[in-house]
Amino acid sequence: MNTTEQQFLKELDDKLWKAADKLRANLDAANYKHVVLGLIFLKYVSDAFEERQRELRELFQKDSDDNIYYLPREDFDSDEEYEQALDEELEVLDYYREANVFWVPKESRWSTLKTKAALPTGSVLWQDANGNDVKLRSVAWLIDNALDAIERENPKLKGVLTRVSQYEVDNDKLMGLINSFSDTSFSNPEFDGKKLDLQSKDILGHVYEYFLGQFALAEGKQGGQYYTPKSIVSLIVEMLEPYKGRVYDPAMGSGGFFVSNDKFIEEHATEWHYDPNEQRKNISVYGQESNPTTWRLAAMNMAIRGIDFDFGRKPADTFLNDQHADLRADFVMANPPFNMKDWWSESLADDARWKYGTPPKGNANFAWLQHMLYHLRPAGSMALLLANGSMSSNTNNEGDIRKRLVEEDLVECMVALPGQLFTNTQIPACIWLLTKDKTGGLSPNGVKKRARKGEVLFIDARQLGYMKDRVIRDFTADDIAKVADTFHAWQREENYEDVAGFCKSATLTDLQKHDFVLTPGRYVGAAELEDDGVPFAEKMANLTEQLREQFDESDRLEAEIKRNLRGLGYGMD
C-alpha cells in the first residue's frame with residue numbers, strides 16, 4: 001500500500017476503535033469484542049454481497065455476445081416486469097458462490113439493519129411466513145435476528161455467531177456503533193480528495209485484523225492466545241507456499257494462518273498465472289481450537305473471506321480429542337502456546353503420535369511438534385513457532401526427542417527470530433520447519449526441490465525487523481522476502497550461498513558435533529566486518545592509546561570527586 005492508503009486506514013482504525021471503545025464502560029474486553037466483531041462481521045459480509053449485487057446488475061443489463069448474464073429488456077412486457085425480474089435474479093445464490101462471495105439474506109444486510117434500527121421500539125419491521133407482523137423489540141434483538149438468518153442460510157456457521165442480547169448493551173450505544181461503522185466509504189474510498197485503489201474486502205479485512213490485535217493488547221496474555229503477529233504468519237506462509245492441497249493448523253486461534261494463506265494465493269496469482277477463485281478450490285482448510293470464543297472467531301474469519309473450512313464438530317482439546325484423527329495434510333502450520341504446562345493426561349501415555357519419544361508432562365512443545373508430524377503426509381512440509389528453549393533444552397527427554405528428529409533427518413530449517421514480536425509474551429521464539437522427504441522432486445504444490453538429505457539450513461534473523469512502537473517489533477516486507485528467498489534458494493539450489501552471521505547449510509555431522517543443539521547462532525557464526533584498510537597493528541596501537549587516555553581521565557575525575565567531598569567535610573582515603 002502507498003502512504004495515502006496507509007494514512008486512510010490508520011485514520012479509519014482510530015475512528016472505529018474510538019467508537020468501539022465506548023463500550024468498555026459497560027463491558028470488559030473479553031465480552032465487548034463479541035459485540036464489536038459481530039457488527040464488523042455483518043458489515044463486512046454485507047458490503048461484499050452488495051458490491052457483487054452492483055456488479056451483477058450491470059452484467060444483467062450489458063448487451064454483448066460474450067456476456068452470459070445478459071437479461072434482454074425486450075423479453076418483458078413492461079419496465080416494471082423487467083425490474084422485478086432483475087431483482088429476482090439478484091437473489092439467486094449461485095451468482096454469489098461462483099464469485100466466492102458470502103451469501104447474506106435480506107434481513108441480515110447492513111442497509112436493512114441500519115434502517116430498521118433507527119425505528120422506534122415496537123415498529124412493524126416485516127411480516128413472517130405466516131403473515132404475522134414482526135415488531136422491533138430492541139437493536140440488540142435486531143442484530144441477533146440478522147445473525148440467526150445468516151446461520152440458517154450458512155449451516156457451517158451454526159452455533160458460531162455470538163448473540164448480542166446476552167450482554168445487555170443499550171440501544172443508543174449499539175446505534176452509535178452502527179452509525180460509526182456505516183459512516184465510512186468502504187466502496188470507492190477517498191482520502192484528501194484522492195480516490196484509493198482499495199476494495200471493501202481490503203478495508204474491512206484490515207479493520208478486522210486491527211481489532212483482533214487491539215483486543216489482544218487489551219486482554220493481555222489471555223487475549224493474545226487468539227492473535228499471532230501478522231508478519232510472522234506471513235513469513236511462515238511465504239516459506240511454505242501452501243497454495244494447493246490440504247492445510248492444517250492444530251492450534252489455529254482466530255485462523256490467521258489460513259487468512260494469510262488466502263492472501264498469498266491472491267498476491268501470487270499473476271506471478272504463477274492462475275485465477276485466485278479457481279485456485280482456492282484446490283485448497284482444503286482444516287483446523288482445531290479448544291477455546292470456544294476463539295473457535296467462533298476463526299469460523300467468522302473464514303466466512304468473511306469465503307474460505308471453505310472444517311474446524312471439527314466443536315471446540316476441543318487437540319491432544320485429548322483430535323477432531324481430525326485421520327487427516328494427513330500437505331502443509332501443517334501452527335503457533336501453539338509456548339511451554340504449555342497443563343496439557344498431560346495419563347490417557348496419552350502410549351499415544352501413537354509420540355513416535356520420537358514421549359514429551360515431558362510439564363511442557364507441550366514437543367507434543368505439538370510430534371502431533372503435527374503425525375498429521376503430515378510423507379511428501380508434506382510443516383512449520384511451527386516454539387520458544388527458543390526447544391532448540392537446546394535437555395530437560396525431561398526433550399534432548400532425546402530432538403536428537404531423534406535430527407537423526408531421522410526430519411529437520412529442514414531453523415529460524416531464530418528477534419525478541420519483542422508478540423503482544424502477550426517476551427519469550428524469544430524460533431521457527432521449526434520439518435519434512436519427511438528430502439529426496440527431492442515435486443512438492444504437493446508442484447514446486448521442484450533438490451535432494452537435500454543430511455542437510456539442515458540455519459537462519460539467524462535476530463537482527464531483522466524494526467521497532468513498530470516502543471514495545472513491539474515487526475518485520476518489513478523486505479525482511480520476510482530475505483528469509484523466505486534464502487530458504488527457497490537453498491531448497492531448490494538457486495544460487496544459494498552461506499552468509500556469515502545470517503545463514504548456514506549444515507550437515508548432520510555438524511549437528512552431532514554440537515550435541516544436536518539447533519540454535520542457529522552456533523552454526524552461522526559472526527557477520528564479517530568490512531575491511532576499512534587500516535592495518536591490525538595500527539588499529540591495536542590506536543585502541544591502546546585511546547584506552548590509556550580514558551584511564552587517565554578516570555583518574556582525574558576520581559581525584560576531583562575526592563577533593564569535592566573533602567570540601568564538604570567528608571574525608572576519603
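Q: In which helix is the place of Thr 293?
A: This is a predicted model, in which local features need pLDDT of at least 70, side-chain atom pairs count only at pLDDT 80 or more, and totals for chains, interfaces and linings use all residues. Residues are numbered from 1 along each chain as its sequence is written, and side-chain values use heavy atoms, with hydrogens and water left out. Helices (H or I, at least four residues) and strands (E, at least two) are DSSP runs, numbered from the N terminus. Thr 293 has its place in residues 292-304, helix H13.

Q: Is Thr 293 buried, partly exposed or exposed?
A: Buried means under 20% relative accessible area, exposed over 50%, and partly exposed in between (1.4 Å probe, protein chains only). Thr 293 has a relative accessible area of 23%, so the residue is partly exposed.

Q: Which residues does Thr 293 touch, not counting residues up to four places away in sequence?
A: Contact means heavy atoms within 4.5 Å. With residues up to four places away not counted, Thr 293 touches Lys 33 and His 34.

Q: How are H6 and H7 oriented to each other?
A: Axes are lines fitted to C-alpha atoms, for helices over the stretch in contact, and angles run from 0 to 180 degrees between N-to-C directions. Under 35 degrees counts as roughly parallel, over 145 as roughly antiparallel, 65 to 115 as roughly perpendicular and the rest as oblique. H6 (residues 139-153) and H7 (residues 171-182) pack with axes 8 Å apart, at an angle of about 50°. H6 and H7 are therefore oblique.

Q: Which residues in H7 meet Val 139, Ala 140 and Ile 143 in H6?
A: The H6 side brings Val 139, Ala 140 and Ile 143; the H7 side brings Asn 171, Leu 174, Met 175 and Ile 178.
The contact of H6 with H7 divides into six nonpolar residues (Ala, Val, Leu, Ile, Met, Phe, Trp, Tyr, Cys and Pro), one polar (the others, Gly among them) and no charged (Asp, Glu, Lys and Arg). The H7 residues asked for are Asn 171, Leu 174, Met 175 and Ile 178.

Q: What kind of pair do Phe 366 and Trp 432 form?
A: Rings of Phe, Tyr and Trp (its six-membered ring) pair if their centres lie within 6.5 Å; planes under 30 degrees apart count as stacked, over 60 as edge-to-face and the rest as tilted. The centres of Phe 366 and Trp 432 are 5.8 Å apart and the planes are at 85°, so the pair is edge-to-face.

Q: How many residues apart in sequence are the parts that Phe 366 and Trp 432 tie together?
A: Phe 366 lies in helix H14 (residues 365-374). Trp 432 lies in strand E11 (residues 429-435), so the parts tied together are apart in sequence by 66 residues.
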